[in-house]
Amino acid sequence: MKVIDDEYYMALALDMAERALGQTGTNPVVGAVVVKDGALVGLGTHLQRGTPHAEVHALNMAGSRAEGSTVYVTLEPCSHHGLTPPCAERLIHEKVQRVVVACEDPNPLVAGRGIEMLRAAGVEVKVGVLHERALKLNRRFIKFITTGMPYVTIKSASTLDGKLASRTGDSKWISNEKAREIVHTMRHRHQAIMVGVSTIVADDPQLSTRMTVPGLSPVRVVADSTLRIPETAQILRDGTAPTWIVTTEQADPEKAKRLMGLGAEVLRCGSGPQVDLREALVQLGQRGISSVLVEGGGRLNGSLLERQLVDEIVLFFAPKLVGGKESPENFRFTGYDRMQDAVTLRDMEVEQIGDNVCIRGVPVWAQAEVKEGDH
Ligand SMILES: [Zn+2]
């Protein structure tokens, strides 16, 4: 039996926040719970950017019972006038006795000021309950708000020997049905899906999600240095979500014009022969993209890895071995001379999905970057 304590209610607030992942745009997911005299009297979740924050929903539900209550909130209450009025002011106005916060808001506009405001008004504040879980839940938001660049996750499904297709290019299907469903959920939780042009040429995928909130379909981004995307590609024709093509200054302006005529946007990233991937991510961030799911192929994965632009790696492995010297692999890049230079992952998680295995990890450099951003 669970003990009813601060963690008990914070876990509920985090559960509610988690369910809104993928629908809050560049905003964090946040949950709030109001407890008065041992009774749950208010619940709230931030549902969509521009709509009330979690605390407001929960306080509205609590009504007059908010006075003297404890409010659990997964992220520090805001102190600034954004699209909605500051929640710290509202908590003070409602005469809440105590506020329990999982983690401080990394947004430089808040960064401790919400907590200060509450304390200055005599509200008791406790910070850090289920802190790690809250940080992990909003890792994409934290990267974006502290660096202006989207959080980049590489997802790849391969055979046990790391192949994305057979030597003839056959790739359907490698992973099992459940693993493919998980990929749809992952797409739903990102604002953009990125692939290399070779993937479009080889597979002509739709890059859709079966469960997107209307108006919030992830943008489809194609890295295409020479604009060789076929004009018949599904993602240029189906109109289910915006399609952006990242290319270079050198790419053919006539082809760019034709692609724009089909409704695609063309972003020029760098003057070299290859797309400057860092510049591409900066431009995506400037356009309000806070998270990118990269779905290959091996060259795009390899280039992002070499340039240390990856925040998380999710690999699905199927119990198959397909071999082939030329068959495409998970990560194609020059490679490192010494094992000690290899990209190392931390926070490894392994999950068995039927006969498939999913391995997640965070490249070690990402940790350094998050720490820099925190201070
Ligand atoms: Zn707020």
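1. Helices (H or I, at least four residues) and strands (E, at least two) are DSSP runs, numbered from the N terminus. By that convention, H11 is followed by Gly-288, whose phi is positive, near 85°. At the other end, Asp-276 caps the N-terminal end of H11, with a side-chain oxygen 3.2 Å from the backbone nitrogen of Arg-278. This is a polar contact, meaning a pair of N or O atoms within 3.5 Å; within protein, one must be able to donate a hydrogen and the other to accept it, and residues adjacent in sequence count only if both atoms are side-chain atoms.

2. A word on the basis. This is a predicted model: local features need pLDDT of at least 70, side-chain atom pairs count only at pLDDT 80 or more, and totals for chains, interfaces and linings use all residues. Residues are numbered from 1 along each chain as its sequence is written, and side-chain values use heavy atoms, with hydrogens and water left out.

3. The zinc site. His-53 (ND1), Cys-78 (SG) and Cys-87 (SG) coordinate the zinc ion at 2.0 to 2.3 Å. Their spacing along the chain is H-x24-C-x8-C. Donors are N, O and S atoms within 2.8 Å of the metal (3.2 Å for Na, K and Ca); water is not among the atoms, so sites may look incomplete. Buried means under 20% relative accessible area, exposed over 50%, partly exposed in between (1.4 Å probe, protein chains only).

4. The cores. A nonpolar core is a set of buried Ala, Val, Leu, Ile, Met, Phe, Trp, Tyr and Cys residues joined through side-chain atoms within 4.5 Å. The largest has 41 residues, and Met-10 and Val-99 have the most contacts inside it. Helix H1 (residues 6-18) gives the largest share of this core, 6 residues. Apart from it lies another core, of 29 residues, among them Ala-192, Val-219, Ala-223 and Leu-267.

5. Met-10 and Ser-171. Contact means heavy atoms within 4.5 Å. Not counting residues up to four places away in sequence, Met-10 touches several residues, including Tyr-72, Val-101 and Leu-130. Ser-171 sits in the loop between strand S6 (151-159) and helix H7 (177-188). Ser-171 is buried, at 17%. Beyond its neighbours within four places in sequence, Ser-171 is in contact with Leu-164, Ala-165 and Asp-203.

6. Helix H10 (residues 253-261). Which of its residues are buried? They are Lys-255, Ala-256 and Leu-259. These cover an arc of only 105° around the axis, so they lie on the same side of H10. The arc is that of the directions from the helix axis to the C-beta atoms. The face turned away carries the exposed Pro-253, Lys-257 and Gly-261. Helix H9 (234-237), strand S9 (243-247) and strand S10 (265-268) are among what covers the buried residues. At the start of H10, a side-chain oxygen of Asp-252 comes within 3.0 Å of the backbone nitrogen of Glu-254. Gly-263 follows H10, with a positive phi near 100°.

7. Strand S11 (residues 291-294). Ser-291 and Leu-293 point one way, Val-292 and Val-294 the other, and all are buried. S6 and S11 run parallel, joined by 4 bridges. Strand S7 (residues 192-196) also runs parallel to S11, through 3 bridges. Two strands pair if DSSP finds at least two bridges between them. Leu-293 is the bridge partner of Thr-153 and of Ile-193.
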